[in-house]
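Let's take a walk through this model together, from the overall fold down to a stretch of sheet and a ligand site. Have the viewer open as you read.

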Amino acid sequence: MTTTARRQAPYVFFGQTTSLCDECLTLVPAKIAIEDGRVYYHKRCRTHGPRKVLVSTDAAYWRLCHDYLKPGDRPLVLQTHTERGCPYDCGLCPDHEQHSCLALIDVNEACNLTCPVCFSDSSPRRSLHRPLAEIERMMDALVRSEGEPDLLQISGGEPTIHPQILEILAAAKRRPIRHVMLNTNGIRIAEDPEFVKRLADLRPGFEVYLQFDSLRPEAHLNLRGADLTRIRREALEALERAGISTTLVVVVKQGVNDDEIPAIIDHALQWRCVRGVVLQPVQDAGRNEGFDPSRDRFPLSAIRRRIVDSGGPFGEGDIIPLPCNPESIAIGYALRKGAKIAPVTSFFPRELLVESLPNAITFEKYPDLHRQVLEFFSLSTAECNNEKKLAELLCCLPEVPLPAGLGYEDTFRVVIVEFMDAHNFCLGRVKRSCIHFVTPEEKIIPFETYNLFYRDAAARERMRRSLEGR
Ligand code: SF4
Ligand code: SF4
């Protein structure tokens with residue numbers, strides 16, 4: 001009698017999720033496989049066959065993300081009912097697990113650039129500027145959903161070319177919104193000093209979210225279709241002069257600017273007005289024609305590894321999963337003194353970060369953190385100022401009071417945000433999305449499903465075909 005040796009799978013079958021076919025956008029089952037320290041989805045569409053998609057380059061970090069999960073914070077009101085099932089009921093619907101940590105309102109579709117990576121497909125060929133009254137209704141929908149929204153980004157298109165942009169920002173400031181950001185390519189800020197003065201009047205609680213992908217002209221040409229080196233420098237100079245808090249936003253594309261990540265963080269620290277850097281892997285949305293995930297995507301895990309291995313201030317324990325949406329967002333928080341920083345995220349025990357109760361804690365309860373603050377700022381004593389919190393911008397972080405005399409300008413953060421597309425889509429992960437668009441129909445829709453199925457007529461046609469394929 002002959003025996004045949006059983007064959008072992010070349011991967012660990014970790015579990016199962018539901019993804020999308022990247023061609024017809026039908027929901028498809030996806031096996032989660034861990035292979036050679038990486039995480040993949042093995043998907044199969046009845047019509048378009050199998051796919052193997054890289055989800056994370058760091059299986060250990062990907063597993064760690066699940067330890068950070070915390071009970072979701074729900075919105076105050078919902079806009080839709082559960083009818084067709086996720087992702088076809090966006091509203092938010094009762095099945096969604098997170099409120100809007102960050103909400104976006106697109107105030108226009110027009111833009112003064114035509115970026116090859118634009119997820120909203122904006123350009124000078126598009127002319128829509130939403131009326132102020134409609135935008136105010138969108139803001140009111142957000143306030144109804146959140147009570148006091150943490151963070152609203154005024155976005156587009158290019159919002160600074162909206163004829164009523166200052167009225168829009170003033171309308172946002174009139175509402176109980178904790179922090180308002182202007183999401184911009186920086187051209188008007190570089191070229192219009194009077195506009196920058198008016199923006200400075202919106203402080204405090206106002207920040208510029210400035211596109212800043214590279215220090216090299218060739219990377220700008222690849223990502224933005226134009227050499228924006230001068231614009232970026234002049235915009236930063238204007239923001240520095242005006243003392244306007246600024247976050248630099250980097251779209252990372254493999255082989256184009258992934259090698260620059262540590263240099264961009266160093267560069268950010270040269271500017272007093274910069275409060276942090278947000279890094280986003282390029283995704284397959286909007287105009288991103290010719291996108292090849294295996295060639296172009298530099299995932300969250302790879303960005304994190306690039307920062308940690310650079311020998312800079314953020315080490316392995318300093319960039320951690322954000323508990324409300326751990327697979328999609330990683331954060332590192334630091335104290336800042338001039339161009340020097342001292343990461344503090346590692347001082348927060350995981351149990352504290354994942355508590356569902358309000359996370360207000362006393363500074364003294366964390367003696368190592370207390371000591372680090374005293375040493376870093378060369379203080380002999382540190383009386384706490386309960387009005388100033390270390391984590392003013394991300395609702396999942398504990399509210400650690402800062403010593404008197406220190407404020408938001410003495411902090412610095414690195415945030416990695418990975419938006420999904422049809423290739424790496426995960427139904428479980430999208431239900432935890434906390435970055436949402438507010439639509440003119442006064443709906444609140446997760447970033448990913450908005451771009452896939454709701455943004456415009458083309459997206460709605462994709463939804464129709466996706467539903468047909470079920
Ligand atoms: S993504 Fe969220 S809001 Fe949209 S259908 Fe799914 S659970 Fe509902
Ligand atoms: S990415 Fe921003 S700046 Fe570029 S085309 Fe789109 S809206 Fe305009």
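Helices (H or I, at least four residues) and strands (E, at least two) are DSSP runs, numbered from the N terminus. Counted this way, the protein chain of this predicted model has 15 helices and 18 strands. Its radius of gyration is 22 Å, close to the 23 Å that the globule rule gives for 470 residues, so the chain is as compact as a globular protein of that length. Along the principal axes, the C-alpha trace spans about 80 × 55 × 45 Å. Of the 470 residues, 46% count as buried. If you look at contacts between residues at least 6 apart in sequence, 66% of them join residues at least 24 apart.

Now zoom in on β1 (residues 12-20) and β2 (residues 27-35), which pair in the antiparallel sense over 8 bridges.

β2 and β3 make a hairpin with 2 residues between them, where D36 in the turn has a positive phi of about 50°.

Finally, turn to ligand 2. The residues around it include C111, C115 and C118, along with S120, S122, S123, E158 and N185. By class, the shell around ligand 2 has 7 polar, 4 nonpolar and 1 charged residues.

How values were computed
Residues are numbered from 1 along each chain as its sequence is written. Chains are lettered from A and ligands numbered from 1 in the order in which they are written. This is a predicted model: local features need pLDDT of at least 70, side-chain atom pairs count only at pLDDT 80 or more; totals for chains, interfaces and linings use all residues. A residue is near a molecule or strand if its C-beta atom, placed from the backbone, lies within 6 Å of it. Ala, Val, Leu, Ile, Met, Phe, Trp, Tyr, Cys and Pro count as nonpolar, Asp, Glu, Lys and Arg as charged, and the others, Gly among them, as polar. Two strands pair if DSSP finds at least two bridges between them. The radius of gyration is taken over C-alpha atoms; the globule rule is 2.2 Å times the number of residues to the power 0.38. A residue is buried if 20 or more other C-beta atoms lie within 10 Å of its own, exposed if 12 or fewer, and partly exposed in between; C-beta atoms are placed from the backbone. Two residues are in contact if their C-beta atoms, placed from the backbone, lie within 7 Å.
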